[in-house]
Amino acid sequence: MRIDTESSQLNDLVAELREVPEGAHDNTLKAVRFTAFGIKRAAQQSAGGIAHAPDYPRAITYDTTDRGVGDGVSAEIGPDKDRRQGALGNILEYGTVNNPPYAHLGPALDRWSPDFVAGLEKAAADALDAL
C-alpha cells in the first residue's frame, strides 16, 4: 500500500489531528474553571454561619492558570489572605490546639472530584469525536 503525502485525505487527517489537542485543552480549561467555581461556592456555603468569622466565606476565591496547549491548566482554590478574615483559612480548616477543625475546603473538593473526572472524560471524548 502506498501512502501519498500529497493526498488530500491524508492532509485532512493531519489537520484534524493537529486540532485535537487544542480542542481537548479548551474543554479541559472549561472543566477546571467550572469545577474550581463549584468548589469555591461549596466551601463558601459550608463556611457560612461561623459566628466568629462572618466575613470569611467571601475571602474564599479561586484562580485558574492556563499554561497553554500541552502544558496544562491548574486552579488554586482557597481563602485569599489579603481579604477580610482570609488569614483564618488554615485555622478554620485544620483547627488548632484550642480550636477544633471546621473542615470546608477538603469536603468541597471531595464533593466535586467526581464531577471533575466526568468533565475531563467528556473533554477527551469531545476531542476524539471531533476527528
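The largest nonpolar core of this predicted model has 12 residues. A nonpolar core is taken here as a set of buried Ala, Val, Leu, Ile, Met, Phe, Trp, Tyr and Cys residues joined through side-chain atoms within 4.5 Å. Buried means under 20% relative accessible area, exposed over 50%, and partly exposed in between (1.4 Å probe, protein chains only). The members are Ile39, Ala42, Ala43, Ala47, Ile50, Ala53, Tyr56, Ile60, Leu92, Leu105, Ala108 and Trp112. H1 gives the most, with 4 residues. Helices (H or I, at least four residues) and strands (E, at least two) are DSSP runs, numbered from the N terminus. Residues are numbered from 1 along each chain as its sequence is written. Because the model is predicted, local features need pLDDT of at least 70 and side-chain atom pairs count only at pLDDT 80 or more, while totals for chains, interfaces and linings use all residues; side-chain values use heavy atoms, with hydrogens and water left out.

Ala42, one of the core residues, touches Ala108, Arg111 and Trp112. Contact means heavy atoms within 4.5 Å. Residues up to four places away in sequence are not counted for Ala42.

Leu29 lies in helix H1. Leu29 is buried, at 9% relative accessible area. With residues up to four places away in sequence again left out, Leu29 touches Asp66 and Val73. Leu29 and Val73 are 44 residues apart in sequence. Their C-alpha atoms are 6.2 Å apart in space.

Charged pairs were examined next. Side chains of opposite charge can pair when their charged atoms come close. A salt bridge is a side-chain nitrogen of Lys or Arg within 4 Å of a carboxyl oxygen of Asp or Glu. The count comes to 2 salt bridges. Asp55 pairs with Arg84, with the closest N and O atoms 2.4 Å apart. This pair links distant parts of the chain, 29 residues apart. Asp55 sits in the loop between helix H1 (8–47) and helix H2 (56–59). Arg84 sits in the loop between strand S2 (73–79) and helix H3 (89–94). Asp55 also forms a salt bridge with Arg58, where the closest N and O atoms are 2.4 Å apart.

Asp55 is buried, with a relative accessible area of 16%. Arg58 is exposed, at 53%. Arg84 is exposed, at 62%.
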